[in-house]
Amino acid sequence: MAVVPEMNEIPNCYSDTDEHFYEADCSYRLKNSLHDPGCSTNCSLCESGIQLMITDQKMPSMTFKKAVVIVVAVEKMKNMMRPSARLFQDEDLQDILNSIFVEEPIPLENIDITCAANFAYRYYSSRAHKISDTSKRCFALQEFPGSAQLVALYLQGLNSSREVKLNMALYTSQPFDASSPKAPIALGIVGRNLYVSCVMVGGRAELRLEEVNDIKREIKDDDSLLRFIFFKFQHGPSTSDSQICTFESAACANWYICTSLTENEPVSMAQYEEQSANILFELIPEEQ
């Protein structure tokens, strides 16, 4: 393969009187050799074997034109020694980008996050009900100085006057979940400002009666009044006369209002799995 001479070597062999370096019909046949037989520098142009054609035609000296001819000749010789040029393609752009941007591994970590909506319970309406457990024991009120409690009793005859009726305040949850079978409610004693509440004491839910002046309003999921909210869940089909329900505390999940199997025991809280408690109640709506 012929070696293209360096630009700084060309003037050693070039004559200012020479205009044309090659002929149009044959670029490899010499008129006069560019190499000077007397050259003692042994330049790379002489050793490369490249032969350029020049003419002896005398023309006025035009330095700029000569420089252009030199550049064209050198570029043509370079093209002879490298593959023909091709159009710029997508792969060329990709190679440029790959040389600029270095791919680095990005660590990935899967994190399971469960987001729970912040519920609010908005008061809707109220209705009075009679309540009894599946053993037909009714609720009665026992009052003490500064406190009160509900007990489950068999009430007959004159004792029937001790039976308490519960005012069931219905709430709607926000956001509303139409698929949920649980209805948020609050239970109060008719004629009194006493409402049933549930709090955790020593790892166990405790049922209380508390005096509240304004329960018929919006109660938020993180509100201190959440202890008054219970989820009523209906078991089996209901009739116009009654329905069988359970009451789960909203503040203490999986804790239900219950009665003891023993007579005249306070109404309390129990978990669903406890066999020593009765968590099913019959509700009979009062005539309005």
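Colleague: Which residues line the second largest cavity?

Modeller: In this predicted model, the second largest cavity is lined by Ile-131, Phe-139, Leu-150, Leu-166, Leu-187, Val-196, Leu-207, Ile-257 and Val-267. About 40 Å³ of space lies inside the second largest cavity, and the structure holds 2 cavities of 30 Å³ or more.

Colleague: What is that lining like by class?

Modeller: The general idea: in soluble globular proteins, nonpolar side chains tend to be buried together. Here the lining of the second largest cavity has 9 nonpolar residues, with no polar and no charged ones.

Colleague: Which residues have the most contacts inside the largest nonpolar core?

Modeller: They are Leu-150, Phe-230, Phe-247 and Ile-257, in a core of 27 residues. Another core, of 14 residues, lies apart from it and includes Ile-215, Leu-226, Ile-229 and Phe-231.

Colleague: What is Phe-247 in contact with, neighbours within four places in sequence left aside?

Modeller: Among its partners are Ile-131, Met-168, Ile-185, Leu-187, Phe-230, Trp-255, Ile-257 and Phe-281. Lys-232 is also in contact with Phe-247.

Colleague: Now the largest pocket. What is its volume, and which residues are closest to its centre?

Modeller: The volume of the largest pocket is about 440 Å³. Of its 19 lining residues, Ser-173, Ser-180, Lys-182, Ala-183 and Pro-184 are the closest to the centre.

Colleague: Which elements give two or more residues to that lining?

Modeller: Strands E1 (120-133), E4 (166-174), E5 (182-189) and E10 (243-249) do. E4 provides the largest share, 4 residues. By class, the lining of the largest pocket comprises 12 nonpolar, 4 polar and 3 charged residues.

Definitions and conventions: Residues are numbered from 1 along each chain as its sequence is written. This is a predicted model: local features need pLDDT of at least 70, side-chain atom pairs count only at pLDDT 80 or more; totals for chains, interfaces and linings use all residues. Side-chain values use heavy atoms; hydrogens and water are left out. A nonpolar core is a set of buried Ala, Val, Leu, Ile, Met, Phe, Trp, Tyr and Cys residues joined through side-chain atoms within 4.5 Å. Buried means under 20% relative accessible area, exposed over 50%, partly exposed in between (1.4 Å probe, protein chains only). Contact means heavy atoms within 4.5 Å. On a 1 Å grid over the protein atoms alone, a cavity is a set of points where a 1.4 Å probe fits but cannot get out, and a pocket is an open set with protein on both sides within 12 Å along at least five of seven lines; lining residues have an atom within 4 Å of a point. Grid points are joined across faces, edges and corners, and a volume is the space filled by probe spheres set on the points. Ala, Val, Leu, Ile, Met, Phe, Trp, Tyr, Cys and Pro count as nonpolar, Asp, Glu, Lys and Arg as charged, and the others, Gly among them, as polar.
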